[in-house]
Amino acid sequence: MELLRFATAGSVDDGKSTLIGRLLYDTKSIFEDQLEAVERTSRDRGDEHVNLALLTDGLRAEREQGITIDVAYRYFATPKRSFIIADTPGHIQYTRNMVTGASTASLALVLVDARNGIVEQSRRHAFLASLLRVPHLVVCINKMDLVDYDETVYNRIKDEFRAFAAKLDIGDLSFVPISALHGDNVVHRSQNMQWYDGTSLLHHLEDVHIASDRNLIDTRFPVQYVIRPQSTAHHDYRGYAGTVAGGVLKPGDEVIVLPSGLKTTIAGIDTADGPLDEAFPPMSVTVRLTDDIDVSRGDMICRPQNQPKVSQDLEAMVCWLSDEPLRDRGMYAIKHTTRTARAQVRALDYRIDVNTLHRDESAETLSLNEIGRVKLRTTVPMFVDEYRRNRTTGSFLVIDEATGATVGAGLVL
Amino acid sequence: MSASTTYELSSQQALEAESIHIFREVAAEFERPVLLFSGGKDSVVMLHLAAKAFWPAPIPFPVMHIDTGHNFTEVLEFRDRTVERLGLRLVVGSVEDSIAKGRVRERPDGIRNPLQTVTLLDSITDGQFDAVFGGARRDEEKARAKERVFSFRDEFGQWDPKNQRPELWSLYNGRHHKGEHIRVFPLSNWTELDIWTYLAAENVDLPSIYFAHEREVFQRDGMWLAVSEFTQVREGEEVVRMSVRYRTVGDVPITGAVESTAKTYDEVITEVAATRVTERGATRADDRLTEAAMEDRKREGYF
């Protein structure tokens, strides 16, 4: 059984929480004690229906204020796949939350209210999904019950969204007309929209092809940890543990280790369950090398004829996640794969308006939830790929050295 | 774990790979990690994954048990047996000692579960631990659904849910100052069913009380509690002997058993897959105190 991670974006008003509640409820992933609690609260609040949105309310502050503060993770499974939902709130700190949720997602689900059509927020969500290279985007046109399940409304919104999405880099775009409240086209095909010839949302989530979303071409193995048992049984054992970030590793492969540039071959790929014939992303394995060379955490194993860019100059789109704005010339810590370095901000080329995609070249800083193109100079060389080519070797965190807080997310250009 | 030619991992393999990545990241970046090991099924899976992450080397950190003194005998025996088998160092933080030293006061109801937080935080400080592995899962409870994999704790061990570090990709930020620490949850993305399926697939040993056995129990607040030296049967409560098993393992006085005849992993999985009540809702009195019981305890530094 495969695992699909997807992110949902939208505000309370779009019916996002109701949709998630509906998915969980109709796939029988809600337990009786959870449902009873929700029924009780719905009654107390005088809601007309059992308010499925309450299933996703987490913290006390959120219930009190009727808002969602933070990304919440939810789990459900069908006989075909298991799912992890990163449920990202729409209105508060939207960029910070959606960027976080989308970073690990194979699919993004954007909600549009059929009565309102495409609004600023829909464009913003589509842009962020494309920036974060989420391979599949599903637009759920919700509240179809409130527009009499009218096909022309659905088609109009679909065309408008397509026109906007053409300006973005979106691999796979699909549309589903739904009513989360009544369950139309969520888990089961709706009888109210005979004109719709597609599948239900759940059916799409179960069937969407995600296997080819990973990079199986460029071999990248960031060394995470060196395993040296120093025991009698494994006296001379020296293995390099890590998670495959790209390509396929096989025993006998000729490899080069960065930054030393020394060449050797893979002697074996070990796991606690025995040796492997090959390893691919995102497997966690231990690689042994034929030659006894100096390799440590932060080094990168790749193929001699296919190497990442080795450079101290990083050009990246940076999403700013902190209340304290980006400091020009400021020094920050950078965490990229298993490598940590210090970096200085050299330039902010422009700031991008996430609603209009307009580039403001006169911008002088990035504030919370803003995104811009930034030039950084690192203290040591980094081994990077373009984010569009590899989401693992193309991404990094910007960390405030004084507070230790994660203040930015970088996507290598 | 065998590689298939389609280059796809099963859900189980993907979860295992993610957890192993987290263990190695902590071992590489922290000076003094420790793993919380109670003998409960989640901590058993954690320890099993840790052993796999560093194989053929031994697990490079000790394990810690916060002992309330109200344990199931079978679980304590299992704890000691496991620690010995893996050659680990066991640190025990004793709630009884904390009471004796006056760090905490015994509650009128005698329930020690809420007292554990003080013992836990004292033990973390005394051991100078900078990373503490916990077996909490996000599917367990709604406050936990918002918990990070690397969860920052201030010098008082407090969790601030509104001020968490964003966690992106598989990049974990473990920065902290002296006296602060990071709670690490390698099983964040596992569900109860994942845990059971994995235990069965890997044929991992568990304390016997997780499987059906005959026990004297009585009903209180809708839960089957075990007759033991830590529980007083009140008037009107009828003691019956029946076949039960435990879905979670906490202190004897607050952990409810479920009626069951499931004696093997396969039988347990069939029951878990069909169950309609969450494991905490069914079997844990400590979560029923208020709607935000877990959130409140977590803020103070609980597991």
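Chain B holds nine helices and 10 strands (DSSP runs, H or I of at least four residues for helices and E of at least two for strands, numbered from the N terminus). Chain B has a radius of gyration of 19 Å, close to the 19 Å from the globule rule for 303 residues, so it is as compact as a globular protein of that length. The radius is taken over C-alpha atoms, and the rule is 2.2 Å times the number of residues to the power 0.38. This is a predicted model: local features need pLDDT of at least 70, side-chain atom pairs count only at pLDDT 80 or more, and totals for chains, interfaces and linings use all residues. Residues are numbered from 1 along each chain as its sequence is written, and chains are lettered from A in the order in which they are written.

**Overall build of chain B**
- The C-alpha trace spans about 55 × 55 × 40 Å along its principal axes.
- Of the 303 residues, 51% are buried (20 or more other C-beta atoms within 10 Å of the residue's own, placed from the backbone).

**Side touching chain A**
- 48 residues of chain B contact 58 residues of chain A (C-beta atoms, placed from the backbone, within 7 Å).
- The elements giving two or more residues to this side are α1 (11-29) and α2 (41-54) of chain B.
- α1(B) gives the most, with nine residues.

**Helix α6 of chain B**
- α6 (residues 192-201) is mostly covered, with seven of its 10 residues buried.
- Among the buried residues are B:Asp194, B:Trp196 and B:Tyr198.

Terms used:
Buried ≥ 20, exposed ≤ 12 C-beta atoms within 10 Å, placed from the backbone. Contact = placed C-beta atoms within 7 Å.
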